[in-house]
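Please have the sequence and the 3D view at hand while reading.

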Amino acid sequence: MIPEASAAASSGSSEERATGDAEASSSGAVNQSEEDSGTENQQKVRRRKRPHRFSENFKTKRARGGGAGRGQRDAEAVTLFQVVTMGRSAMQAVIEDWVQAYGGDRDSSLLDLISFFIQCSGCKGLVAAEICRSEEDGDVQSKMVETLDEDAGLQYKKFLAFPWILTVTWPLDTDTAEYPLVQSGPYGRWFHSEFCDFVSVLVSQCQRGVLFDGYLMNTLISLLTELSDSYIRAFRHTCTLAAVKLLTALVGVALSLAGGVENSQKLLDVQQTKTGRQRSAQLDKIQRKITELQEQQAEVESMMDVVFKGVFLKRYRDVLPEIRSLCVEELSLWMKLSSSVFLNDSYLKYLGWMLHDKTADVRLRSVAGLQNLYGDSLLLPKLDLFTSRFKDRMISMTLDKDNEVALQTLKLLLNISRTSDDLLSEDDYQQLLQLVYSSQRPLAAVAGELLYSRLLAAGTAGAAGGERSEEQQKFSRLKALLSFYQESELHKHVVYLVDALWDCGGDLLKDWPTFTSLLLQEPSGFAPTEEELLVEILVASVRQASEGPVLAGRSGAKKVMNAREKKTHMEDGLRITEHLLGVLPPLLSKFSRRAEAVAALMRIPQFFLPESPEASNTQALSSLMGSMAAVLDLQSDPAVLEAAARSYLSLVGGGPGWSGPASAALEAGGGPGGPGWSGPASAALEAVVTRWVERLKELLKELLGRSVTGESFSADDETMTDILTTLKKLKAFQNCHELRRWRLLDLLTPLLEESGGGAPPELLQEVLQICSFSVIWSLNTSSTSLTCREEADSQRLQLRLFCDSSHRRLSHPDLAVRTQAFLGVCDVLTAHSYQLHLWDPTSFGPLLYTPSPRLQRALLAFLFAHVFVDCKNPVGEDGEVEKLEDLHRRRNLLAGYCKLVVYGVLEMSSAAAVFMYYVKHYNDFGDIIKETMCRTRQVDKIESSRALVLCLQQLFVRLKREQNRGGRPESGVQTFTSIKELARRFALTFGDQVKYRECVVMIHRNGIEFVFGDSGRGELTAPAYLSYLTILSEFSCKLLRPDRKTVCSYLQTHTADHLAELRDESWQAVIHYRASLLAVADGEDGVSYVSSDCRVPRSYSRQGSSKSPAGSFSPFSPGGASRARASVSSSCQDRDQIQDRDQIQDRDQIQDRDPLSVLLESPASVLSLSSDVEDGPVEVEL
């Protein structure tokens, strides 16, 4: 609370007395402000924990007080800022007391209100006030400054809130502080709401009297205008919010006064019709009241105009997005409340301009405000000019990068289209309707609602009769839907169109009897392409009703269904089974020769529910099985075969995965599919597969007979065509069903063992894939089906024979055959590894198999030849498609090989050949290689780190060989810079230094041994691989502080015999590596160490260095430590003979001058893995 400052007198002793009183008052203001600041801080900490306690204390103090002194005692007990923490009821009572106090002493009460807004801005400083006699005084205007004193660490703002000149002082860091409005958590939102309520309650309590005294509002508006123009964010944000909320409250007052004027005018009209003696007196009274209300209304509108021009026009373009958002939000509210004043083009233009704001929240607030305006039909005539001016901008915002802005904008345009059809043109609708294919489901659903209301909801012309008219209307609606899809020219997007229309047009899309009746009638009235499209829509609606709105590539769908949605889902599934089980056979018969249509219809049985009463209808199920078998005899399209295999799997009762093969239903004659249909479905599936296998045996017998007589294979032969067709069917079904009873592996093995190589590539490709499926199915059940040694040996023999056959096919001339052989081996070996992890201990011993080294080398060679190769630049659109398909194929090959490493089929060192291409092919395979690093590190982090080291060393050795050989380097050799960059990328993968401490130490130890391992102790020449230390320095930043010293000591053991040679340029790699080790260890950077290393004393004597065998030195042994200390002391003695002892102050300075000395402290023998790196032992040998 701020006491009133004394005004200056104009003469003699009275001026001195006034000056003394003013100084005393100013001092009192400062002291009181400090006390209030401390009290405020304490209350701010406690207000969230005990909000009701303040309210109770406040009410108690109110109950004790009475009369005129009550408000003063309450003001002393509770400040206005503390009232915000007490709730709306306490707020009303305190503001009422404040209004009463304002009537007695308006200056003091007004200063309390000023202090309230300063404190709400988060200001912990001081406020001083002085009286201003004249607002037009030139000296007064020159005093209005906002400066800062960097030496004192304070900021000053002096502004005029007539009749007060206020000076606010606060610390410099207030702008970066978290003032109440922007505090995180529920407190910030709660304070925002209570602060806005305070302004609203204040205006409502004052509107009956003091609001129009010409003093309160002038001062308050002047205060908020000045503070909202401050460069301090806290003042600007808080006072802008208060100003716009004040304007909102004034709009309410203006509306109340306008209502009073209207009511008084009605009363005046009534009184004018009366007669009597009191008629003139009543008329005069009512007329005076009307005049008074009109004057007050004009005064309020004047206040509104001042706030709008003084605050809004400056702050709606503020640099802070929160300020711009609240300005736009309140502007739309003013237009809604007082359309006669604000809803015109001079104010609407601000909403239109803010549609272009760079912040998404501001654009969203603008769109939300426009939604409220367009939602009121009475306001639409005033929005015509605005719509024509900003329509293009609103349409473009449907493609906004912020999904919520795009969604709300499309909802706004939907409201506009409903209110007026002529505002949006056909081109506008065409652009908006394409959003039904959006990747965001909420946006697509709103676009679907627009499409439905535009094309599908309105009835079309038809016959006058009821039933015929309804049928024609449905036909016309479906025709319009087909026409829209065909005009879109988006292939295979029917499911997205159905999903977009599902919420609003579900009744039309779930009218399956209408779909089937239109498809079965002759003539149907649709073109052949329209019939196929109608079939796709039918299947898409069935899938939507069965599986829900979750689609690949579309986000924002609701993934958890409530009870009502689950009930609807079950009812739709029963309706699908009941209707389509009987109608599907004639549909299959009609479209049996159309591959795309019949492939879609073949998927429908996957959505049947076994719980349906129609499931017991064996006659309908048998008819369906017969129709599906007839289609399979006619079609060999992969899409048809895959859909049929999955539908059989659904009807038989099996499921995808390792643990639910459909063979159980085949062998047992039944399954969990439900009563009455797993038996017929299993029998039908068995009959179909048996017929194909018998046919294949006959064809293979004839084919192998030709091979024996010396005739060559011919891909154009009718027999070969039949074989390929049958193999494709068996491959599609074996992908979903276990067909081991027909022993397809034994049947097709002779084709793989043919040494002539005359089999067509298409045949070999199908045979390899079927054989790989057979081996995988066999491995799936091996943990429970093997009962004796003979069965295990037979199964292991099959696995080995398949791997050997695939190994031979890796060198086949045809790329497709080589690719299938590689993928088949990878899949089988991965399944074998998975089978070992799931082995049942109660069954016969595990089926162990290890790929031969020749096979491992062949797989790696295939990877180099077909994956890590440079592709040609594509030409045209077809070239781009081919490039993407080739990249997809190569990614599958690399993923198959990486799985062999991750699941332990290949040694982890095999991954080194893959890791070396991490940087070179990062755009194509970076994610796969990085995931392989993470997975292998989870299995064994040490071995995974060894693979990284091996990768770098192989690349470095290859580079050195090319440099020594001279001439033109090979294409596969990477430069030194690229190897160093690869090491840096590897180092970035070791995020947690404590977790991967042993790995990083091992990398450094291995690198030092790699560099100095082959060099003799007495050799004076630099090691051949010395420059590898520069690459190794990329891992120095991942070492912990004690490990840096340990590694540095270990490096010293290998460089102890070469102290004098380190001055040569060929040994600079050692200096650079040592500088990287000691940079963070001693708190300095590597540059300082490099520069100090270059300043080696010229008179340094090599005889002073101690020589000890490398094999007998260990940085962890006491003897090794003593020898290291002896070496250091000897070198220090030689240096002391050259330089003055007085210049060397301590041991650290000696080490800075000599880069060849090691730390005098004996290196720690243990390394910590705990959070404190100095504690917690774990042995790491170097």
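This is a predicted model: local features need pLDDT of at least 70, side-chain atom pairs count only at pLDDT 80 or more; totals for chains, interfaces and linings use all residues.

The points below treat the backbone first, then the cysteines and the salt bridges.

**Backbone features**

- R743 is not a glycine, yet its phi is positive, at about 50°.
- The relative accessibility of R743 is 53%, so this residue counts as exposed.
- E522 and P523 are joined by a cis peptide bond, with an omega of about -10°.
- P523 belongs to the loop between α22 (512-520) and α23 (528-547).

**Cysteines**

- The number of disulfides in the structure is 0.
- A disulfide is a covalent bond between the sulfur atoms of two cysteines.
- For C120, the closest cysteine sulfur is that of C239, and the distance of 8.9 Å is too far for a bond; the cut-off for a disulfide is 2.5 Å.
- C120 is buried, its relative accessible area being 0%.
- C206 is buried as well, with a relative accessible area of 1%.

- Side chains of opposite charge can pair when their charged atoms come close.
- The structure has a count of 43 salt bridges.
- One of them pairs R441 with D499, whose closest N and O atoms are 2.9 Å apart.
- This pair links distant parts of the chain, since R441 is in helix α19 (residues 441-456) and D499 is in helix α21 (residues 494-509), 58 residues apart.
- Both R441 and D499 are buried.
- R441 also meets D503 in a salt bridge, at 3.3 Å from N to O.
- Because R441 lies in helix α19 and D503 in helix α21, this second pair ties together parts that are 62 residues apart in sequence.
- R441 has a relative accessible area of 11% and is therefore buried, whereas D503, at 54% relative accessibility, counts as exposed.

**Other salt bridges**

- D1043 and R997 form a salt bridge in which the closest N and O atoms are 2.7 Å apart.
- D1043 lies in helix α44 (residues 1041-1055) and R997 in helix α42 (residues 997-1012), so their pairing ties together parts that are 46 residues apart in sequence.
- D1043 and R997 are both buried.

How values were computed
Residues are numbered from 1 along each chain as its sequence is written. Side-chain values use heavy atoms; hydrogens and water are left out. Buried means under 20% relative accessible area, exposed over 50%, partly exposed in between (1.4 Å probe, protein chains only). Helices (H or I, at least four residues) and strands (E, at least two) are DSSP runs, numbered from the N terminus. A salt bridge is a side-chain nitrogen of Lys or Arg within 4 Å of a carboxyl oxygen of Asp or Glu.
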